[in-house]
Amino acid sequence: GHGLTRFPYDHLFLPEKHVIARGNRRYKHNHTNIHDFGINKLKITDYLQAIHRSGLKIIFLEFNQSSKLIIRILKHSLARIPFLRNFLIINMYFILEKE
């Protein structure tokens with residue numbers, strides 16, 4: 001993870017100012033933007049909407065690919081719950097093609 005906040009995905013709902021301040025203290029930076037830390041704040045629905053708008057067709061889509069047990073648990077249980085899905089996906093693999 002990015003290590004900027006205390007809990008996974010809390011950067012999605014904490015004030016951005018708080019996340020930036022914590023990251024600057026922890027890593028001794030002087031960033032003024034969340035994106036400078038490599039966080040895009042996009043949710044899975046944001047990615048899927050962007051793909052839909054682009055006119056590309058999803059041929060393959062897979063979430064939470066990892067050999068780590070905790071990630072496999074997320075993939076096969078909690079991440080399937082629609083409300084939690086945006087908060088429990090750590091990676092996405094797409095194969096797209098032009099329609």
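What percentage of the 99 residues of the protein chain count as buried? The share is 24%. This is a predicted model. The protein chain holds four helices and two strands.

**Fold and dimensions**
- The elements run α-α-β-α-α-β along the sequence.
- Helix 1 spans 16-27 and helix 2 spans 44-54.
- Strand 1 covers 56-63, and strand 2 covers 92-98.
- Helix 3 takes in 69-76.
- Along the principal axes, the C-alpha atoms fill a box of roughly 45 × 30 × 25 Å.
- Consider the contacts with a separation of 6 or more: 57% of them join residues 24 or more positions apart.

**Surface and charge**
- The protein chain carries 16 positive and 7 negative charges.
- The mean positions of the positive and negative charges lie 9 Å apart.

**Nonpolar patch**
- Four residues make up a nonpolar patch on the surface: Ile59, Phe60, Tyr93 and Ile95.
- Together they have about 380 Å² of accessible area.
- Strand 1 and strand 2 each give two or more residues to this patch.
- Ile95, one of the patch residues, sits in strand 2.
- Its relative accessibility is 46%, so isoleucine 95 counts as partly exposed.

**Positive phi angles**
- Most residues other than glycine have a negative phi.
- Lysine 28 belongs to the loop between helix 1 and helix 2.
- Is lysine 28 buried or exposed? Lysine 28 counts as exposed because its relative accessibility is 73%; the cut-off for exposed is over 50%.
- The loop between strand 1 and helix 3 contains asparagine 64.
- Is asparagine 64 buried or exposed? Asparagine 64 has a relative accessible area of 2%, so it is buried; buried means under 20%.

How values were computed:
Residues numbered from 1 in each chain as written. Predicted model: local features only at pLDDT ≥ 70, side-chain atom pairs only at ≥ 80, totals over all residues. Heavy atoms only, no water. Buried < 20%, exposed > 50% of the residue type's maximum accessible area, 1.4 Å probe, protein only. Contact = heavy atoms within 4.5 Å. Lys, Arg positive; Asp, Glu negative; His and termini not counted. Charge placed at Lys NZ, Arg CZ, Asp CG, Glu CD. Patch = residues over 30% accessible without salt bridge, like charges linked within 9 Å, V, L, I, M, F, W, Y side chains within 5 Å. Areas by Shrake-Rupley, 256 points an atom, 1.4 Å probe, with all protein chains shown as cover. Salt bridge = Lys/Arg side-chain N within 4 Å of Asp/Glu carboxyl O.
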